[in-house]
Amino acid sequence: MRQLRLAGFLTVTSVLAAPGIAAPEHKNLQVLPRTITNTQLKTMMEGFTEQLGVKCTFCHVLEQYEKDDRPHKADARRMIALVLHMKAKKALYFGPRVKDGVISCGLCHRGQAEPEPFVATLLPNLAFLAPPTPAGSRPKNLQVLAKTTTPLELQKVMDGFNGQLGVKCEFCHGTEMDKDDRPHKADARRMLRLTLDLKAGKATYFGPRVKDTVITCGMCHRGKAEPELFAP
Ligand code: HEC
Ligand code: HEC
Ligand code: HEC
Ligand code: HEC
């Protein structure tokens with residue numbers, strides 16, 4: 001069942017690239033490719049109900065699926081665009097280990113219509129109180145964060161990583177923080193890019209209600225170094 005559902009999203013991505021045959025029975029697709037077949041669409045919609053823990057009527061009036069009369073349908077449209085974007089940039093954001101099927105609504109929703117906001121216990125880290133670099137000196141090897149990031153701003157970001165992933169600085173750093181000598185630092189760089197892009201695309205992907213502070217590592221990681229993957 002899970003395979004089927006995941007396959008649903010996979011096929012859609014491949015459909016995107018393929019010169020398909022129109023499926024005229026779908027009247028009002030604005031985000032999904034118009035070439036999507038009935039079977040693919042059905043599999044995907046059933047996936048939504050599992051991953052959000054809802055019924056079709058959460059987004060539709062029964063048997064009038066093309067109508068846009070439920071606000072959640074608009075929310076879902078934005079989020080389909082979000083998932084398609086993350087899938088298209090998988091190599092940049094997630095790297096080779098992460099399977100395509102992982103990138104789905106369930107990554108954040110985990111069986112709930114409204115993902116519970118994750119609140120990290122933010123204890124300031126002592127490593128910063130006695131900075132590893134001479135006081136006032138700028139970070140030397142920022143590739144994703146702005147080069148103008150001050151040591152204080154950097155401290156907040158790094159403390160945030162610790163809390164949201166439930167790790168210590170050593171998870172990503174050796175003794176010299178500007179060195180790239182731990183593989184998790186490379187993972188974190190990719191994911192930092194992902195998170196900053198999601199923040200920048202907030203209006204397109206999340207809409208006006210979602211607060212900026214919700215879009216963080218914790219949204220998926222929820223206090224764990226490896227997000228627990230959702231299986232219905
Ligand atoms: C979380 C919201 C959500 C749920 C739950 C959901 N859908 Fe959808 N559905 C959408 C969105 C959004 C679209 C439009 C996608 C687009 O614009 O590309 C859509 C489109 C459709 C369409 C195509 C309508 C047309 O002609 O344009 C059908 C059919 C459909 N859904 C059936 C279902 C069925 C059956 C279920 C339950 C198994 C279901 N949906 C569950 C959000 C949802
Ligand atoms: C990157 C994380 C993430 C992904 C992936 C994601 N969502 Fe969401 N979704 C959220 C957040 C955060 C909210 C806002 C919850 C709130 O308002 O507090 C939300 C809200 C929603 C809502 C509104 C719920 C409500 O009760 O107001 C719908 C509908 C929805 N998402 C559908 C989807 C669908 C369908 C998918 C897959 C195509 C999806 N989401 C993928 C994070 C995500
Ligand atoms: C999940 C991985 C991760 C954790 C945990 C983490 N960092 Fe980082 N850190 C990074 C990444 C990635 C960068 C580089 C960001 C960039 O390229 O824009 C970085 C950069 C830095 C820099 C800038 C180094 C330079 O001169 O370029 C310092 C200082 C730093 N981290 C300190 C810390 C401290 C102290 C902690 C613990 C409180 C910590 N980090 C926790 C991933 C992490
Ligand atoms: C949209 C969801 C999402 C967001 C947001 C996110 N991650 Fe991830 N992260 C993942 C997934 C999925 C994996 C892969 C887990 C696996 O390999 O099974 C992962 C893996 C990682 C890993 C490798 C962990 C390991 O043990 O191999 C690191 C490090 C990481 N993320 C750091 C971050 C940081 C730092 C942020 C915030 C800047 C972040 N992530 C934001 C979904 C996310």
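1. First, some housekeeping. Residues count from 1 along each chain as its sequence is written, while chains are lettered from A and ligands numbered from 1 in the order in which they are written. Since the model is predicted, local features need pLDDT of at least 70 and side-chain atom pairs count only at pLDDT 80 or more, though totals for chains, interfaces and linings use all residues.

2. How far to trust it? The predictor's confidence in each residue, pLDDT, runs from 0 to 100. The chain has a mean pLDDT of 86, with 83% of its residues at 70 or more. Where pLDDT is low, the predicted coordinates should not be read in detail.

3. Now ligand 1. It is surrounded by 25 residues, and Leu-32, Met-45, Cys-56, Cys-59 and Tyr-65 are the closest. "Near" here asks for a C-beta atom, placed from the backbone, within 6 Å of the molecule. H2 and H3 each supply at least two residues of this shell, and H2 gives the most, with six. Helices are DSSP runs (H or I, at least four residues), numbered from the N terminus.

4. Ligand 2 has 20 residues around it, with Asp-75, Ala-76, Met-79, Cys-105 and Cys-108 nearest. Helices H2 (38–52), H3 (71–88) and H5 (106–109) each put in at least two residues, and H3 contributes the most, seven.

5. Where does ligand 2 sit relative to the domains? It lies between domain 1 (2–109) and domain 2 (126–221), because both give residues to its shell. The domain bounds come from an automatic or database domain assignment.

6. Finally, helix H7 (residues 151–165). Its 15 residues should span 21 Å at 1.5 Å a residue, and the end C-alpha atoms are 21 Å apart, so the two agree; the expected span is 1.5 Å times one less than the number of residues. Phe-161, Asn-162, Gly-163, Gln-164 and Leu-165 are buried in H7, meaning that 20 or more other C-beta atoms, placed from the backbone, lie within 10 Å of a residue's own. The buried residues of H7 pack against H8 (183–200) and H10 (218–221).

Definitions and conventions:
Buried ≥ 20, exposed ≤ 12 C-beta atoms within 10 Å, placed from the backbone. Contact = placed C-beta atoms within 7 Å.
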